[in-house]
Structures are given as C-alpha cells and as structure tokens.
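Here are my notes on this one, written as numbered points. Have a look at the model first, then read along.

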Amino acid sequence: MNWTLALPEIVLSVIGLAILIFGVLRKQDSTLACTMFTIGGFLIAGLLVLTRTYGYGFHGQFVKDAFSSFNQILILSGAAIATILALDWNKQEGIARFEFPVLMLFSTVGMMIMASAGSLMTLYLGLELQSLALYVLAGFARDNLRSSEAALKYFVLSGLASGLLLYGISLIYGFSGTMDLAALHDLLVQPSAASPGLVVGIVFVLVGLAFKVSAVPFHMWTPDVYEGAPTPVTVFFATAPKVAAMALLLRVMGTSFASLVGAWQVLVIIVSIASMVLGAFAAIGQTNIKRLMAYSSIGHMGYALIGLSVGNAAGVRGTLIYMVIYVFMTAGTFGCILAMRRKGRSVEQISDLAGLGTNDPALALALAVFMFSLAGIPLMSGFFAKLYIFLAAVQGGLWTLAIIGVLTSVVGAFYYIRIIKVMYFDAPAERFDPRPVPLSFVVAGTGLFTTFFFLFPAPVVSAAQAAAAVLFR
Amino acid sequence: MPALTNIAGFPILSLITWLPLVGALIIATMLRGDEETVATNARWAALWTSLLVLVLSLVLWVSFDQADPGFQFNESVIWMPEFKVGYKMGVDGISVLFVLLSTLLTPICILSAWDAIKVKVREFMMSFLILETMMVGMFCATDFVLFYMFFEGVLIPMYLIIGIWGGPRRVYAAVKFFLYTLAGSVLMLLALIAMWVQAGTTDIATLMQTAFSPHMQTWLFLAFFASFAVKVPMWPVHTWLPDAHVEAPTAGSVILAGVLLKMGAYGFLRFSVPMLPDASTYFAPFIFSLSVVAVIYTSLVALAQEDMKKLIAYSSVAHMGVVTIGIFTFNVQGISGALFQMLSHGIVASSLFLVVGVVYDRIHTREIARYGGLGDRMPGYALVFMLFMMASVGLPGTAGFIGEFLVIIGSLQVNFWLALLGGMGMILGAAYMLYLYRRIIFGRITHADLRGILDLSTREWVVFAPLIALTLWMGIYPSSFTSYFDATVGAMVQHHTAALAATTKLAGIVH
C-alpha cells in the first residue's frame with residue numbers, strides 16, 4: 001500500500017473540500033478567493049507530480065510513471081487555463097459562484113486518476129468522477145436554455161457511453177479473470193488467451209473511450225455541447241478531458257491489449273479517418289465559431305488517433321506531442337472567442353469577427369496565429385504536431401492514413417483561413433468590449449507557445465518520448 | 001554544437017535570413033505616434049532593414065567560392081536531436097544567386113509600395129519583411145524539414161499581402177492561391193517523410209547521395225511534382241497565378257513573379273533531379289509535353305488578354321515552361337539555361353510588373369484599351385518599358401536572350417521537335433509583347449485623363465535603375481553570373497549520369 005504515490009490527487013481533493021467549506025461558511029461573495037485557491041491547488045498538484053515518484057500503488061490499481069506525469073501536467077495546465085478564463089466571464093454573465101472552480105477541481109482530480117489508472121476499475125472511477133462534475137458544469141448557466149439542453153444531452157449520451165464502457169469492462173473481466181492492466185498484458189502475451197468474448201469487450205471499451213474523445217461516429221454530442229455550454233466550460237471540455245480520455249485510450253490499448261494490435265488497429269484506423277474527414281468537411285458550413293471549434297476538435301482527435309493506430313511507442317509519442325500542442329492552441333483560440341463581447345453580451349458568430357484586424361490588431365494577430373497553427377502551416381506549432389504524427393504513420397507503413405490526413409488538412413485549412421479572411425479582409429464591424437487582463441495573458445502565453453514552439457521543440461519531444469516508452473513494451 | 005565552416009567567419013546566412021524578421025518585430029513593437037508618423041517610420045525602417053540585408057548578401061556575392069560545387073557558408077545547429085533534424089544552412093551555386101535576387105527585390109518592392117500602399121502601412125511592411133525571411137530561408141536551408149518550413153511559411157505573408165492590399169477580387173485570389181499551393185505542398189510533406197524514414201536523415205546533401213529504389217522514386221517524384229508544378233506553375237495547374245497576379249498589389253506581383261515562381265523550379269533542381277535521377281528521366285517526356293503546351297498555349301492566351309497584369313502573368317507561365325524544359329534536359333547547357341532564365345525572368349518580369357504599376361498608380365486601371373499614346377507624354381517611361389519588353393522577348397544583349405538560347409541548345413541535344421516547339425515561345429513572346437507595347441505607348445492619346453500624366457518620378461527611376469543595369473549586364477556579360485553555378489551544375493549533371501549508369505548496370509545484372 002504505497003499511498004504516497006497518490007499524493008497529488010489526495011492533496012488536490014483535500015484542497016477541494018477545504019475550498020468548499022470555506023465557500024459555504026464565508027458570508028460575502030467568495031468566487032475570486034475560491035478561484036485563486038483552486039489555481040493554487042493546481043499548482044501544488046503540478047509540483048507534486050513533478051517530483052516523479054514512480055511506481056505501483058494500491059496493489060497495482062494505481063500507477064505513476066512518466067506517462068501519467070506527462071498527461072497530468074497537461075491536464076492541470078488545461079484546467080488552470082480554463083479556470084482563469086472563467087473568472088471574468090462568469091462575472092460578466094452573472095453566473096459567478098464559488099462552486100464553479102470547485103467543480104473544475106474535482107473534475108480535474110477525476111482526470112488525474114484516469115491518467116494513472118492501473119486497472120479497469122480505477123479507470124472507471126476516475127472517469128465517472130470527471131463526468132459527474134462535467135455534467136454540472138455544462139449546465140452551469142442554469143437559466144440559459146441552451147446550457148441546460150447541453151448538460152442534459154451530455155448527461156444522457158455520456159451515461160450511455162459509460163454503460164458501454166462498463167459492459168466492455170465486465171466482458172473483459174469475465175473472459176480473462178482480471179481487471180489489472182499489467183496482468184491483462186501478461187495474460188494476453190499468449191495468443192490463446194484472446195477469446196472472442198474478450199475482443200468484444202475490448203471493442204466496447206474502445207467505443208466508450210472514443211465517445212469521450214469525441215471521435216466519429218461517437219461525436220454527435222460535441223457540437224451541441226460546445227455551443228450550449230458556457231464558453232469557459234467549453235474551453236475545459238476541449239482541453240483537459242480530451243487529454244485524459246486520450247491518455248486512457250493509449251494506456252489501455254498500449255499496455256493491456258498491445259499484443260492484440262491486429263484486432264483493434266483497423267477499428268482505430270476507421271475511427272481516425274472518419275474523424276478527420278468529418279472534422280474537415282462538416283466545419284465548412286458552420287457560422288457559429290464554437291460549433292466550428294467543435295468540428296475542428298473532432299478533426300484534431302482524428303489526427304491524434306493516427307498515433308494510436310500505428311500501435312507502437314513512436315506513434316504514442318506523436319499522439320502525446322499532438323495533445324500538448326493541441327491543448328495550447330485550442331485554449332488560446334477559446335481565449336480569443338471569450339474576448340468576443342459587445343455591449344456586455346457575448347457574440348459567437350464568425351461574422352462578428354469582421355475587421356478585427358483593424359479594431360484590435362493584437363487579438364487578431366493572436367487568433368490568426370492559432371488559426372494557421374490549427375491548419376498546420378509551418379512555423380506554428382500545429383505543423384510540428386502533424387509532422388510527428390505523419391512521421392509515425394509513414395514509419396508504421398500506414399500510407400492510407402497519412403495521405404487522407406494531409407488531404408483533409410488542406411480542406412481544414414479552408415475554414416481556418418476563412419476566419420483570417422473575415423478578420424483581415426472584411427469591412428470592420430463594431431468593436432469588442434475591452435478585454436479582461438487575465439484573458440490577455442492567457443492568449444499571449446498560448447500564442448507565444450504556439451509561435452515559438454519551433455525554436456525549442458526538444459523539451460516537449462523528449463518528455464513525450466520518455467512517456468511513450470512506458471507503453472508498448 | 002554550432003558548427004561553422006564558413007569563409008565569412010560568422011553565421012552570415014542566418015543573419016540574412018532572420019534580420020528581416022527582427023526588422024518586422026521592431027516595426028511591430030517600437031513605432032509610436034499617430035497613424036501618419038507610424039506609416040512613414042515603418043516605410044523607412046523596412047527600407048533600411050532590407051538594404052542592410054542586401055549589403056550583407058553582397059558579402060556572399062563577393063566571397064562565394066565559384067570553384068566549389070558543394071554547399072558553402074555552412075551552419076549547423078542541433079534542433080530536433082530525436083529525429084536527426086538539424087538547423088542547417090548553406091548555399092551552393094544554384095541557390096546563392098536566388099538569395100541575392102530575393103534580397104535585391106525586397107527593397108525594390110518596398111520602394112515601389114512607398115506611396116501606392118496607403119492603408120495599414122505598418123502591417124504591409126511587416127508582411128514583406130517576414131516574406132523576405134521565408135524566401136531567403138528557403139533558398140538557404142540545407143535540411144529538408146527546415147526547407148519545408150520556409151517553403152510553406154511563404155504562404156502566410158503572401159496570403160495576407162494579396163488579401164488585404166489587393167484588388168476587388170482579392171479574397172477569391174488569396175484563398176485560391178493559398179489552397180492550391182497548400183494542396184501541392186502537403187503531398188511533398190509525405191514524400192519528405194518517406195525519404196526521412198528511408199534515409200534516416202533530412203540533410204539535403206546526404207539525401208542527394210542516397211540511392212532510392214526506382215519504384216519508390218516514381219512515387220516520390222509524383223509527390224514532389226504535385227508541389228513544385230503548382231508553384232512553377234506548370235500547365236494545367238497554373239490557373240491560380242493570373243488571379244493572384246491581377247489582384248495582388250504591385251509589390252506583391254513583383255515578388256510573386258520575381259521569387260515565388262522560382263521556388264518550384266528551384267525545388268525541381270534541388271530535389272527531383274539530383275535525388276530521383278531514374279524517375280526524373282522516366283518522367284522527362286511528360287514534363288516536356290506539359291512545358292511545351294505551357295509555352296505555346298499560354299503565349300496564345302497572353303495574346304488575347306485585355307488586362308496588362310494578366311498578360312504578363314500568362315507570359316510568366318510561358319517563360320517558366322522554358323525553364324522546366326531546360327531542367328529536364330539533364331545537360332549542362334539546359335540546366336544552366338534554365339537557371340539563367342529563372343534569374344533573368346526574376347528581374348525582367350518583376351520589372352514589367354513595376355512598369356504596369358507606374359501607370360496603374362496614375363490612372364488606376366490596368367485595362368490595355370484605356371491607354372495609348374503614352375510615348376508622347378512619358379518618354380522616359382516608354383524607354384524603360386521598351387527595354388524590359390525587349391528583354392522579355394529575348395532580344396540579344398538583354399538578360400532574356402541568354403537563358404532561352406541556352407535552353408534551346410540544351411533541348412536540341414534531346415530532341416529537335418522539343419527545341420523547335422520550346423523555341424516557339426520566343427516568337428509568340430515577341431508577338432504579344434510588341435502588340436502590348438504598341439497599344440500602350442504608340443498611337444495618339446484618345447483618353448483625356450492621359451494628357452496630364454506625368455513621367456517617371458525620381459523614386460521610380462531609383463527603383464528601375466538597378467533593374468535596368470542588371471538586365472543589360474546579364475545580357476552583355478553573362479559569365480559574371482553563370483560562373484557562380486557552372487561548377488554546381490557540372491557536378492549535378494555528372495552525378496545524374498553516374499546514377500543512371502548505376503541503375504542500368506544493376507538492371508543488367510538482374511536480367
């Protein structure tokens with residue numbers, strides 16, 4: 001029982017409970033204080049993760065290695081950015097309550113548990129903790145019809161996916177007799193152990209997790225939830241849970257079922273291709289920028305899944321680098337979307353961006369950087385994300401995926417540069433309200449990361465390499 | 001560790017590449033004051049930056065060792081150690097003159113846009129400096145990943161230049177330009193990765209020595225072809241060019257014709273021919289056919305144009321057809337001719353766009369029918385126009401002649417009909433250029449607003465002077481330019497012949 005391994009999660013949970021008590025007992029409005037405490041909690045948890053105490057805890061239920069640390073740091077970054085962005089926005093929308101950061105925090109704890117799950121049971125616990133908080137967050141603007149609709153939709157569909165996942169887990173347990181990921185790996189080294197029932201179980205697990213990363217054909221909820229949820233929650237949805245679910249997917253497939261690559265590889269390839277194609281084509285007709293970003297994230301998950309379908313450590317490395325770059329450029333883009341407010345109300349149409357290049361050159365420049373990056377144009381980080389992924393695909397001989405990938409990226413470029421077109425080439429519309437300072441900091445920080453990633457790719461790449469080395473051994 | 005094997009003793013190529021970007025950052029952050037002051041300061045800052053870069057690049061011109069066929073002024077810094085990708089810069093005989101062409105045309109463009117660009121001057125100057133960084137970087141890169149970064153990076157500033165400061169259909173032209181070229185480039189990215197996986201390195205010098213199997217070469221060639229053919233542009237994927245040229249502001253057209261069109265041909269020379277000798281030979285007839293169609297068809301199309309810029313744009317496609325013929329003859333005359341034609345077209349076509357820009361700034365139309373009889377009012381202009389028109393036609397004594405002549409000699413060694421049909425370009429070129437000149441300069445002034453038109457201003461003379469000097473210099477004493485690439489081209493042809501012989505020998509053993 002090595003419980004110190006779970007110190008980051010335990011500390012973060014305790015901080016969460018403390019903040020909750022503080023928020024309830026304090027008479028005045030405590031949103032600001034609670035948000036600050038939450039961010040402080042994320043920082044402490046991050047530092048604890050960085051101490052790199054690795055090993056197995058709780059009889060193998062819980063695992064800490066380079067892979068979990070990598071993903072946890074990324075999850076904490078995404079969560080912290082979303083929390084910072086939420087502060088001013090919630091105040092402006094009149095939904096500022098201290099429960100908001102607390103829910104973010106508990107959801108993050110769930111995701112951290114997902115990243116270091118050592119057995120299918122831990123995996124499910126983490127996932128449910130994450131999801132429960134997310135249901136509430138999606139409906140946080142409870143007087144807003146769209147927000148409630150988004151929450152309900154997410155609740156029902158996510159519940160279904162969890163059910164499928166659980167069913168898959170029970171099948172796997174039934175046919176193999178263990179839920180421990182490492183034990184499953186050892187068991188499946190002998191080909192005879194892979195019974196059809198087990199494979200069906202794997203497929204169900206895959207489906208459940210594909211829902212969480214919003215890969216096609218389990219993506220239906222994404223555009224509606226992205227559009228309906230309060231925008232800071234959308235930032236959160238688009239970053240941290242995606243990382244956590246992708247980490248799970250990689251961990252489960254890469255550790256336990258690594259020897260069954262042949263059985264699930266084709267499924268992942270199909271899902272990946274479908275996501276890339278749908279993400280590229282369905283986004284073209286969108287007029288709401290949040291919906292556009294929803295389809296964009298579906299497409300990006302398709303690219304990230306290429307790494308998994310390669311089915312080796314090089315592929316995982318590609319996926320992990322992709323997720324890092326994706327989180328920062330997406331968070332930055334949503335930062336810009338949060339800045340789209342006129343006369344105290346948020347606007348979400350792409351046409352509202354018209355003439356931003358004249359009205360607010362700094363914001364327009366940042367959004368242009370993010371768009372070029374999302375499109376994968378060089379010098380921006382998005383290009384390198386695609387480069388590493390395609391490198392892995394070609395090394396693995398998956399030419400179909402690589403070719404479809406580059407072609408859909410051209411289609412994707414069409415709608416990304418359309419946003420730049422609206423900002424720079426169209427006649428100026430009304431100005432936006434002044435930006436809150438924290439938002440400017442987030443956008444500037446993520447923008448600098450996106451622009452100058454090409455100068456220093458080495459730290460991220462070597463960290464991803466170390467993390468990927470844990471899987472597919 | 002930074003490794004410098006370099007006559008200059010300092011990382012001169014990196015300086016030339018990144019200095020414009022520094023200039024752009026300074027313009028972005030340092031300028032304060034009202035709009036008018038910022039605009040003026042931005043112009044001057046951009047001009048001085050680009051002139052400084054030009055002076056630096058002249059060091060290359062002076063200290064380049066013409067006898068060395070390999071890369072010079074090398075720089076190498078570890079960049080992505082896990083992937084064996086380095087930040088590697090270097091120039092050889094093929095690229096050094098293009099670096100100079102880019103650094104020369106940038107200040108000229110900035111000068112030509114001095115008064116023509118009135119809105120968002122600061123952003124315009126920044127875009128141009130960033131564009132210069134990308135262009136120079138692309139010609140200097142000796143690592144494939146680095147090359148690709150610059151190659152595609154060019155799209156961003158050019159997209160903005162066309163889209164923000166362009167004509168009425170600028171949005172359509174900008175998006176078309178962007179998507180066409182991007183669609184081509186991404187296939188090259190796959191070819192890049194395939195070669196990377198195969199050879200284990202992205203160092204261009206090493207890749208040139210790596211033998212890829214003929215089967216793989218075929219696919220790699222097609223991927224490269226998709227990218228470079230769009231950039232050249234070759235018929236039938238040239239349709240983005242007339243749109244981009246017509247809608248781009250004058251300075252944009254100048255840099256597009258002067259440097260961006262050379263990127264495709266440079267790519268063929270840098271990658272396709274030396275790295276894929278078998279596939280290049282296999283596909284040469286295909287390239288010849290497309291090139292001949294380009295030469296004849298686009299020349300005829302040019303003849304029918306009503307818009308001056310469109311006419312010159314189509315003539316560019318025809319001239320670049322000659323270049324691609326030259327490259328795929330695989331002999332010294334053909335390749336040297338192609339290189340010379342690229343340089344001379346870089347100067348002459350750019351100048352012609354500037355010539356159009358002069359009257360466009362005054363009358364604000366490019367419709368040929370709106371002009372006529374300008375010779376009376378603008379004698380200096382008529383002289384300049386005639387010089388460049390003649391150079392474009394290929395009059396002996398001007399830059400245009402040498403390139404076409406060498407390519408025709410080179411192609412005669414391959415096939416008589418190829419030389420004949422390729423040479424048709426000169427005749428048709430004379431037809432559409434003389435016809436254009438007659439309609440604009442000769443005759444009587446029939447439009448009232450032309451009566452008050454002013455001749456070239458001092459600034460415009462300053463812009464044209466270096467171009468006139470170069471056009472004549474290249475035409476009268478071409479050796480001072482060919483001597484730069486003679487050694488490299490010689491080595492390249494030798495390498496090509498040797499590689500083909502090796503494959504044939506191998507095939508002989510197999511059979």
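This is a predicted model: local features need pLDDT of at least 70, side-chain atom pairs count only at pLDDT 80 or more; totals for chains, interfaces and linings use all residues.

1. Residues are numbered from 1 along each chain as its sequence is written, chains are lettered from A in the order in which they are written, and side-chain values use heavy atoms, with hydrogens and water left out.

2. Which elements of chain A touch chain B? Those giving two or more residues are helix 15, helix 17 (381-395), helix 18 (399-425) and helix 20 (458-469); helices here are DSSP runs (H or I, at least four residues), and strands are too (E, at least two), numbered from the N terminus. Helix 18 gives the most, with 14 residues.

3. On to the make-up of that side of chain A: 29 nonpolar residues, seven polar and two charged.

4. In total, 38 residues of chain A are in contact with 33 of chain B (contact: heavy atoms within 4.5 Å).

5. Now for Asp352(A), in the loop between strand 4 (345-346) and helix 15 (356-359) of chain A. Why does Asp352(A) count as buried? Because its relative accessibility is 16%, and buried means under 20% relative accessible area (1.4 Å probe, protein chains only), with exposed over 50% and partly exposed in between. Leaving out residues up to four places away in sequence, Asp352(A) touches Met340(A), Arg342(A), Val347(A) and Phe432(A).

Notes
Ala, Val, Leu, Ile, Met, Phe, Trp, Tyr, Cys and Pro count as nonpolar, Asp, Glu, Lys and Arg as charged, and the others, Gly among them, as polar.
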